[in-house]
Every structure is written in C-alpha cells, then in structure tokens.
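Hi everyone, thanks for coming. I'd like to walk you through one protein chain today, starting with the whole and then zooming in on a few residues.

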Amino acid sequence: MSDYSLGFLIGFVVVIVITLIIAVVLRFRNNNTNSYDERQLIARNAAYKYSFFTLVFYCILCGMLDIADIKWAEIVIQMFLGMFMSVTVFVVICIFKDAYFGIKKGKNNIYTFLYLSATITVVQLFSFIFNVFIDKNPIITNGMLNSHLIPLLCAVAFLIMMIATVIKIIISKKEREEE
C-alpha cells in the first residue's frame with residue numbers, strides 16, 4: 001500500500017469518526033427531537049428517492065461502460081463520484097423544497113451549513129491544488145482519472161450545495177418582500 005493510499009484511508013476514517021461524533025453530540029444536544037414537520041419529511045422522502053435513482057442510473061452507466069471495455073476512471077473515482085452526485089442531488093432538492101434545515105433552528109443551521117461548506121470547499125481545493133500542482137501528481141494515469149481528483153470532486157459537490165443554499169436564500173427573501 002502506497003503512502004498516499006494509507007494517508008487517504010486514514011483521513012477518510014478520521015472524517016467518518018468526526019462526522020459520527022458530531023452527529024451523536026448534536027442529536028443529544030437537541031434532545032433527540034426531530035425538527036422537521038410533515039411537509040418537510042415528505043419532501044425529504046422524495047429527495048431520497050431521486051438521490052437513490054441518481055445513484056442507480058449512474059451505477060448502471062458505469063457498468064455499461066465497463067462492459068463496453070471503456071475505462072474512464074479508477075474504481076475509487078467512480079464510487080466517490082457516484083456518492084458525491086447522489087448526496088448533492090439529495091441536498092439540493094431538500095434545500096429548494098425547504099426540507100434540508102429544520103423548522104426550529106433553520107436560520108442558524110443555514111449559516112452553519114454555509115460556513116462548514118465553504119470551509120470544506122476551500123480545504124479540498126487546497127488539497128487538490130497541492131496534490132496536482134505542487135506535488136505534481138497527475139490526475140490521469142494510463143488514460144483514466146485517478147484518485148488525485150477526489151478532493152476536486154468533493155469541493156465541487158459542496159460548492160454546488162452552497163450555491164443552491166444562497167439561491168434559495170435570495171428566492172426566499174424576494175418572496176417575503178413580495179408579501
């Protein structure tokens with residue numbers, strides 16, 4: 001196992017552990033209450049469905065390309081791209097259906113989400129720039145996209161989520177002004 005693979009694996013596990021710790025702390029801090037109303041839950045269920053089918057169709061496409069012996073990316077890139085696409089579809093749909101942020105602390109959650117998304121985007125962009133331009137690691141190996149592209153994919157996914165949030169804030173502000 002190369003140093004890069006080991007570092008990536010350790011970093012990935014650390015991110016998962018931190019995410020789980022934050023989720024547990026937030027759940028207990030909020031007294032295990034669900035802050036979504038019925039309309040939001042229905043919208044979230046629809047978003048899950050679209051997210052799931054996005055991933056299914058993407059997997060079918062990747063499978064068809066593999067059967068046709070078209071190797072466009074390493075397996076790890078294909079998996080992460082599918083995951084990023086699916087999560088991004090879910091988040092964007094929920095944002096536009098007012099179902100991503102809870103009722104009780106919606107405004108605080110929006111700004112926290114924007115801050116964390118901006119931080120993740122910047123960190124991932126710096127990671128990509130460092131890997132590709134400073135360490136001179138290519139993003140294409142043997143004609144296929146390789147794992148050095150993952151930070152850029154992550155940054156793009158979070159940037160799309162941030163843009164969707166800002167657009168929704170602007171739309172909501174205009175709707176409130178018109179009333």
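This is a predicted model: local features need pLDDT of at least 70, side-chain atom pairs count only at pLDDT 80 or more; totals for chains, interfaces and linings use all residues.

Now the layout. The protein chain has five helices and two strands. If you read along the sequence, you get the pattern α-α-α-α-β-β-α.

Take the contacts between residues at least 6 apart in sequence: 75% of them join residues at least 24 apart.

Let's pick out helix α2, residues 38-67. How far apart should its ends be? At 1.5 Å a residue, its 30 residues should span 44 Å, and the end C-alpha atoms are 43 Å apart, which agrees.

Which residues of α2 are buried? They are Gln40, Ala43, Arg44, Ala47, Ser51, Tyr58 and Cys62. Have a look at Arg44, which is on that list of buried residues. And what do the buried residues of α2 pack against? That would be α3, residues 75-96. Just after α2 you'll find aspartate 69, which takes a positive phi of about 60 degrees.

Next up, the aromatic rings. The count here comes to nine aromatic pairs. One of them is phenylalanine 12 with phenylalanine 80, an edge-to-face pair at 5.6 Å centre to centre and 85 degrees between the planes. Phenylalanine 12 sits in helix α1, residues 3-29, and phenylalanine 80 in helix α3, so this pair ties together parts that are 68 residues apart in sequence.

Are those two rings buried or exposed? Phenylalanine 12 has 35% relative accessibility, so it counts as partly exposed. Phenylalanine 80 has 10%, so that one counts as buried.

Another edge-to-face pair is tyrosine 100 with phenylalanine 113, at 5.3 Å centre to centre and 65 degrees between the planes. Tyrosine 100 is in the loop between α3 and α4, while phenylalanine 113 is in helix α4 itself, residues 106-134, so here the parts tied together are 13 residues apart in sequence.

Tyrosine 100 comes in at 21%, so it counts as partly exposed. Phenylalanine 113 is at 11%, so it counts as buried.

Phe12, Phe80 and Phe84 form one aromatic cluster.

Last stop: threonine 121, which you'll find in helix α4. Its relative accessibility is 6%, so threonine 121 counts as buried. What is threonine 121 in contact with, if we leave aside its neighbours within four places in sequence? The answer is Ala155, Phe158, Leu159 and Met162.

That's my tour. Thanks, and I'm happy to take questions.

Conventions: Residues are numbered from 1 along each chain as its sequence is written. Side-chain values use heavy atoms; hydrogens and water are left out. Helices (H or I, at least four residues) and strands (E, at least two) are DSSP runs, numbered from the N terminus. Contact means heavy atoms within 4.5 Å. The expected span of a helix is 1.5 Å times one less than its number of residues. Buried means under 20% relative accessible area, exposed over 50%, partly exposed in between (1.4 Å probe, protein chains only). Rings of Phe, Tyr and Trp (its six-membered ring) pair if their centres lie within 6.5 Å; planes under 30 degrees apart count as stacked, over 60 as edge-to-face and the rest as tilted.
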